[in-house]
Amino acid sequence: LLRGVQFWQKYTSSNPKVHMVFADRKDLDWFKEIMITSQPNYTSWLDRIYNLAKDNPQMAFGGANGFDSQGNVLFFFLPGTATKADSPGWLGVGPHEWTHQAQYTISGDINKAPCWFKEGQATYFGNAISNNELTSWATNWKTQVQSIKYDLPTFKVMAKTDLQKWFEAHELNMPNNVCGPDGAFIIGGIAVEYLVGTYGFDAINEFLLELKKGIFWKDALANVASEPIEVILKNIIEFVLKIRDWAQIP
């Protein structure tokens with residue numbers, strides 16, 4: 001938790017105002033109107049979120065939607081009909097979105113990072129920061145990993161070659177407006193868990209700083225890890241499979 005808070009404090013300013021839009025399912029049309037008013041030049045990204053929330057009423061959604069027309073940080077939160085105030089996943093939504101904001105601040109353009117890293121870091125950091133007791137971490141993280149059954153049911157039976165294809169499909173050719181859910185949050189989160197555990201928390205920050213220099217993400221990750229990118233990705237995939245077995249996804 002401390003390292004996550006330090007991550008924000010070191011790289012993000014405490015001065016900007018933050019505007020948040022909070023809506024439940026019966027207020028979805030109001031939510032869309034408010035978002036359009038706040039961001040007149042909105043893209044199809046909003047339509048996609050609206051449709052996802054409408055078609056999946058039980059699921060919770062949140063977003064770091066850049067800035068509003070006055071230049072304020074803009075977040076939105078859409079709890080699902082089954083969302084409880086103390087649900088581990090819901091508790092992690094706020095720090096998840098703050099992590100996206102920090103990613104943007106450090107890298108200058110988070111789209112320079114692959115989809116799996118962008119959502120994976122926010123998911124892993126969000127859950128770790130919102131977990132207030134170390135002894136409960138394993139249980140909470142296992143619950144989150146198991147939630148992948150809702151957005152990527154095939155993950156349970158994916159082989160190593162399937163995961164290789166999945167990572168390739170979720171690189172820079174994965175448009176920002178369609179990054180996730182389809183496993184990006186959880187598989188990416190496990191991948192970042194591996195990177196943090198293997199190379200250290202500071203290496204993640206260095207990776208983002210390398211992106212800001214204009215270094216291609218594969219070269220940037222190889223630089224901070226001091227290992228070939230092929231080795232890194234191979235080890236990530238093996239780790240993902242180990243965590244999948246540990247989580248015992250229903």
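Reply: In this predicted model, the buried residues of helix 5 are Val93, Pro95, His96, Glu97, Thr99, His100, Gln101, Ala102, Gln103, Ile106 and Ser107. That makes eleven of its 15 residues, so helix 5 is largely enclosed by the rest of the structure. Its length also agrees with expectation: at 1.5 Å a residue, helix 5 (residues 93–107) should span 21 Å, and its end C-alpha atoms are 21 Å apart. Just after the helix comes Gly108, with a positive phi of about 85°.

The model has one disulfide by the distance rule, and it joins Cys115 to Cys179 with an S to S distance of 2.0 Å. The torsion about the S-S bond is 90°, and the link is right-handed. Cys115 belongs to helix 6 (residues 115–130), while Cys179 sits in the loop between helix 9 (160–169) and helix 10 (184–199), so the pair ties together parts that are 64 residues apart in sequence. With the limit for burial set at under 20% relative accessible area, Cys115 counts as buried at 3%, and Cys179 counts as buried at 8%.

Helix 6 also holds Gly120, which is buried with a relative accessible area of 0%. Leaving aside neighbours within four places in sequence, Gly120 is in contact with Cys115, Ala184, Phe185, Gly188, Gly189 and Val192. Asn72, by comparison, is 48 residues from Gly120 in sequence and 25 Å from it in space, C-alpha to C-alpha.

Helix 6 packs with helix 11 at an angle of about 145°, the two axes being 13 Å apart. Their crossing is left-handed. On the helix 6 side the contact is made by Phe117, Gln121 and Phe125, which meet Phe201, Ile204, Phe207 and Leu208 of helix 11. By class, this contact has six nonpolar residues, one polar and no charged.

Helix 11 (residues 201–212) has its own set of buried residues: Phe201, Ala203, Ile204, Asn205, Phe207, Leu208, Glu210 and Leu211. Helix 11 packs with helix 12 (residues 217–225) as well, at an angle of about 140° and with the axes 9 Å apart. The crossing of helix 11 and helix 12 is right-handed. Here Ala203, Glu206, Phe207, Glu210 and Leu211 in helix 11 meet Trp217, Ala220, Leu221, Asn223 and Val224 in helix 12. The residues of this contact divide into seven nonpolar, one polar and two charged. Phe207 is among the residues that meet helix 6 and among those that meet helix 12. After helix 11 comes Gly214, with a positive phi near 95°.

Apart from neighbours within four places in sequence, Gln144 is in contact with Pro88, Gly89, Asn127 and Ile186.

Notes: Residues numbered from 1 in each chain as written. Predicted model: local features only at pLDDT ≥ 70, side-chain atom pairs only at ≥ 80, totals over all residues. Heavy atoms only, no water. Helix = DSSP H or I, 4+ residues; strand = E, 2+ residues; numbered from the N terminus. Expected span 1.5 Å × (residues − 1). Buried < 20%, exposed > 50% of the residue type's maximum accessible area, 1.4 Å probe, protein only. Disulfide = S-S within 2.5 Å. Axes fitted to C-alpha atoms, helices over the stretch in contact; angles between N-to-C directions. Left-handed = near helix turned anticlockwise from the far one by under 90°. Contact = heavy atoms within 4.5 Å. Nonpolar A, V, L, I, M, F, W, Y, C, P; charged D, E, K, R; others polar.
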